Amino acid sequence: MKAHDGMYIGGQWRPARGPDTIAVVNPADEQVIAHVPAGTADDVDDAVRAARGALPGWAATPPAERAARIAALRDVLVARADEIAETVTAELGSPLQLSQTVHAGVPVLVAGSYAELAASYSFEEKAGNSTVLLEPVGVVGAITPWNYPLHQVVAKVAPALAAGCTVVLKPAEDTPLTAQLFAEAVDEAGLPAGVFNLVTGLGPVAGQALAAHEDVDLVSFTGSTAIGRQIGATAGGAVKRVALELGGKSANVILPSADLAKAVKVGIANVMSNSGQTCSAWTRMLVHKDQYDEAVALARAAVAKYVPGERIGPLVSAKQQQRVRGYIEKGIAEGARLVAGGPEAPLETGYYVSPTVFADVTPEMTIAQEEIFGPVVSLIKYEDEDDALRIANGTVYGLAGAVWAADEAEAVAFARRMDTGQVDINGGRFNPLAPFGGYKQSGVGRELGAHGLSEYLQTKSLQF
Ligand code: ADP
């Protein structure tokens, strides 16, 4: 696989400051496909300096021109969609079709939405005798995970650029090649030098240096709650802005009036997509006690279609595979009933995990409380609506969820009572303009749409 052996800083590929590299592994066949440089604090410092230097010019660029550059970036992502999809498949392991439709496709929608928003957003408001200016926060340090290698990058970089901020990106060590492709796209789109900079590297080294850098004004992080907590503490200590998109344990609530077969089928597809490596996945399926046995049978039938190596890819790494298999073992040990799948690896090569369905899961079990980040779904029985709500809200997370009912208004009434940032009603479609982010320990701040743009703005009020 093609890889750059340097960092993209100040509009060019520069040699890394240190000699260390990171091996990129294809999780489907466990082969090393490339090496990228492991950045140090010195590389981060160079990148932040470049971003700081480019800030005044970019912040002063009229929004319509910023919009035109973001539109150009979207066009490059469209033109290079095949290469992006192949790269994501090579380093994440996702089936090519998923890489094409989701991993390459969604970033085009998101970049397009910010090209439009940059042009139409009102960067000035009136409030009584004041004019309120919405100004860029400054230099953004973006730290992204591997589960959606390009989407996570675009969901931070596009709004930051729309707002007039400049960016240093530290992508996940498992998927740096997609991030390098993105840097090429930025370059091809003609963004001014230093507006976007890329430093590949390890989390505790390059990520830590970026999060702690005193000349970064806002840290935008997506990843585990454990690291998010650390980054939030560091940012708090430095009194700098922080946006955190963390874990989830979302509930798929199937009310008795719903189309049970459809709700179960879509619910299983939601968890199995991307091998369960989605923070907003509906990993707890809540079913009324009278429909429970039928739902279990439907779930078993639905999951059978996800054949490892065909419709469902591997997990990203051996570490993740071990972790998820550990959770499956824990589910069995705590008394949940295995309906499909199990801890044994389904294929000899590749970091695959069997698509797994657990029944008789009680709300307090570990598999019903902790984020597993794999193709594992838990069916939980509820007595009545209040019981369903108590279970749905009964975790430390609140990122997403789903409600199904015959009547949309009935589903909406339930959704209003959920402590979570996003709810799909009867299988609602993805919307790149819908704010995405968490209640409770799922995070701080929102991504996507106008709410995602406002994260990168600060206000200045002029009184007349
Ligand atoms: P995951 O468990 O999904 O890999 P992490 O939270 O470990 O999630 O990683 C998400 C991102 O955070 C990655 O880019 C990773 O390199 C980075 N990261 C990990 N540890 C740190 C840290 N101590 N400081 C800053 N960034 C980190």
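**Helix pairs, sheets and single residues**

Guide: Let us begin with a pair of helices: the axes of helix H3 (residues 81-92) and helix H6 come within 8 Å and cross at roughly 160 degrees. Please bear in mind that this is a predicted model.

Visitor: How are H3 and H6 oriented to each other?

Guide: Angles over 145 degrees count as roughly antiparallel, and H3 and H6 are therefore roughly antiparallel to each other. The crossing in which H3 passes H6 is right-handed.

Visitor: Which residues of H3 and H6 meet?

Guide: From H3, the residues are Glu83, Ile84, Thr87, Val88 and Glu91; in H6 they meet Pro176, Leu177, Thr178 and Leu181. Sorted by class, the contact of H3 with H6 has 5 nonpolar, 2 polar and 2 charged residues.

Visitor: At what angle does helix H2 pack with H6?

Guide: Helix H2 (residues 63-79) and H6 (residues 176-188) pack at an angle of about 130 degrees, and their axes are 8 Å apart. H2 and H6 are therefore oblique to each other. The passage of H2 over H6 is a right-handed crossing.

Visitor: What makes up the contact of H2 with H6?

Guide: Leu73, Val76 and Leu77 are the H2 residues, and they meet Phe182, Ala185, Val186 and Glu188 in H6. By class, this contact has 6 nonpolar residues, no polar residues and 1 charged residue.

Visitor: Where is threonine 175 placed, and is threonine 175 buried or exposed?

Guide: Threonine 175 lies in the loop between strand S8 (166-170) and H6. A residue is called buried under 20% relative accessible area; threonine 175 has 2% and is therefore buried. Leaving out residues up to four places away in sequence, threonine 175 touches Glu91, Leu92, Pro145, Trp146 and Pro149.

Visitor: Let us turn to the sheets. What is the strand order in the open sheet of 7 strands?

Guide: As a general idea, strands of a sheet pair through backbone hydrogen bonds, either parallel or antiparallel. Here the order is S14-S15-S16-S13-S12-S17-S18, and the pairing is mixed. Strand S14 (337-340) and strand S18 (424-425) stand at the edges; each has a single partner strand, so one side of each is left without a neighbour in the sheet.

Visitor: Which strand pairs show the two senses of pairing?

Guide: For the antiparallel sense, take S14 and strand S15 (residues 356-359), which pair over 3 bridges; leucine 338 stands opposite phenylalanine 358 in S15. For the parallel sense, take strand S12 and strand S13 (residues 284-288), which are joined by 4 bridges. In that pair, valine 253 stands opposite leucine 286 in S13.

Visitor: Which way do the residues of S12 point?

Guide: In S12 (residues 251-254), Ala251 and Val253 point one way, while Asn252 and Ile254 point the other way. All of them are buried.

Visitor: Which strands does helix H13 lie across?

Guide: Helix H13 (residues 385-392) lies across S12, S13 and strand S16 (376-382), and runs at about 145 degrees to S16.

Visitor: What is the order of the open sheet of 3 strands?

Guide: The order is S5-S6-S20, and the pairing is antiparallel. Strand S5 (124-127) and strand S20 (457-463) stand at the edges, each with a single partner strand, so one side of each is left without a neighbour in the sheet. From one strand to the next, the twist averages 25 degrees. S5 is joined to strand S6 (residues 130-136) by 4 bridges, and glutamate 125 has valine 132 in S6 as its bridge partner.

Visitor: Is phenylalanine 464 buried or exposed?

Guide: Phenylalanine 464, in the segment after S20, is exposed, with a relative accessible area of 69%. Apart from neighbours within four places in sequence, phenylalanine 464 is in contact with Asn129 and Thr131. Between phenylalanine 464 and threonine 131 there are 333 residues of sequence separation and 7.9 Å in space, C-alpha to C-alpha.

Visitor: Finally, what is the phi of glutamate 30, and what is that of serine 275?

Guide: Glutamate 30 has a positive phi of about 65 degrees, although it is not a glycine. Glutamate 30 lies in the loop between strand S3 (21-26) and strand S4 (31-37) and is partly exposed, at 35% relative accessible area. Serine 275, also not a glycine, has a positive phi near 55 degrees. Serine 275 lies in the loop between helix H9 (260-272) and S13, and is buried, at 4% relative accessible area.

Methods
Residues numbered from 1 in each chain as written. Predicted model: local features only at pLDDT ≥ 70, side-chain atom pairs only at ≥ 80, totals over all residues. Heavy atoms only, no water. Pairing = 2+ DSSP bridges. Axes fitted to C-alpha atoms, helices over the stretch in contact; angles between N-to-C directions. Parallel < 35°, antiparallel > 145°, perpendicular 65-115°, else oblique. Left-handed = near helix turned anticlockwise from the far one by under 90°. Contact = heavy atoms within 4.5 Å. Nonpolar A, V, L, I, M, F, W, Y, C, P; charged D, E, K, R; others polar. Buried < 20%, exposed > 50% of the residue type's maximum accessible area, 1.4 Å probe, protein only.
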